[in-house]
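Dear colleague,

Here is the structure we spoke about.

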Amino acid sequence: MKKILIIGSTGQIGSELSVRVRSIYGDNNVVCGYYAPPFPEGFFEAGPAIKIDAQQIKQIADAVRKYDIDTIYNLAAILSATAEKNPKLGWDVGVGSLMNCLDVARDYKCGLFTPSSIGAFGPNTPKDNTPQDTIQRPTTVYGITKVLGELVSDYYFEHWQVNTRSVRFPGLISNVTLPGGGTTDYAVEIFYKAVKGEVFECPVKAGTFMDMMYMPDALDAMIHLMEANPEKLIHRNSFNVTAMSFDPEMLYAAIKKYYPNFKMVYNIDPLKQAIADSWPNKLDDSCARKEWGWQPHYDLDKMTADMISKLSGKLSSRA
Ligand code: AKB
């Protein structure tokens, strides 16, 4: 029986991962490590929860011992644009938290999932069908912490057999918890504006392609990879995964099918544009498909339909 600790369980990924893994492994077998609000309704009643600052190794080790944890999802993160504005914070959270999780995972024999990102690539990486194994010379602090995270996670596996696994997430689109400080956040924010009938100011130019994924697929990716047969894994840290690649115009057109009067204008954020320009257009995720059966279920149209239906229900019930 798995006993899971989710670090960062109130964040964009954690708030949904905790619900999904509790439905699979049982409420009491999943411990939600939280650092900050927002706390979803019923958060403290749904199962065990404990305050964890991932930069404090003792807090992680105490939780692992107390709840007899065997699997850690390390979701503590500062996203790309925020990390560029505060590199020290980006480094401390990205690297410090991971090193703490790795040491605890080694000492208590836990499996460890840590997300990497398309941000682990840089301007001299092949942009289209970016291979699994290729040049990784990112030009952002976020990207540097992700490459370091990939390498050091493989190191802990090679040297101490720590069961480390990771995927390179693209922009994640969700209707539950907003991202914050990411370069791909526009692909979530646009839906809120469309549903509220407001004009959307897009921070990246038309023609800026990036990989994206709907949150239900992202949750599947994490859970399937952590359940994958280790003998089939040639790679570990980290797998390319993607579900769709689009530019702002394609997303705008998909949303306009539901809201013909919706208006998007461009108000370019130079920092986000520079970061996006340094990232790939579209990853090749064939290794993930071969090694552990990765298969996304949402493309642009299916994701758009579901986002609009879920968000319009949520926002109208709040009105
Ligand atoms: C970001 O934009 O920083 C993240 C990412 C792609 O890692 N969403």
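The lining of the largest cavity divides into eight nonpolar, eleven polar and two charged residues. Here Ala, Val, Leu, Ile, Met, Phe, Trp, Tyr, Cys and Pro count as nonpolar, Asp, Glu, Lys and Arg as charged, and the others, Gly among them, as polar. The volume of this cavity is about 190 Å³. On a 1 Å grid over the protein atoms alone, a cavity is a set of points where a 1.4 Å probe fits but cannot get out, and lining residues have an atom within 4 Å of a point. Of the 21 lining residues, G94, T114, P115, T145 and K146 are the closest to the centre.

The model is predicted: local features need pLDDT of at least 70, side-chain atom pairs count only at pLDDT 80 or more, and totals for chains, interfaces and linings use all residues. Residues are numbered from 1 along each chain as its sequence is written, and side-chain values use heavy atoms, with hydrogens and water left out.

Now the ligand. The shell around the ligand has five nonpolar, six polar and no charged residues.

- A polar side-chain atom of S80 is 2.6 Å from a ligand oxygen atom.
- A polar backbone atom of T183 lies 2.7 Å from an oxygen atom of the ligand.
- An N or O atom in the side chain of T184 lies 2.9 Å from a ligand nitrogen atom.

Regards

Methods:
Polar contact = N/O pair within 3.5 Å; in protein donor to acceptor, adjacent residues only side chain to side chain. 1 Å grid on protein atoms, 1.4 Å probe; cavity = no way out; pocket = protein on both sides within 12 Å on 5 of 7 lines; lining within 4 Å. Points joined across faces, edges and corners; volume = space filled by probe spheres on them.
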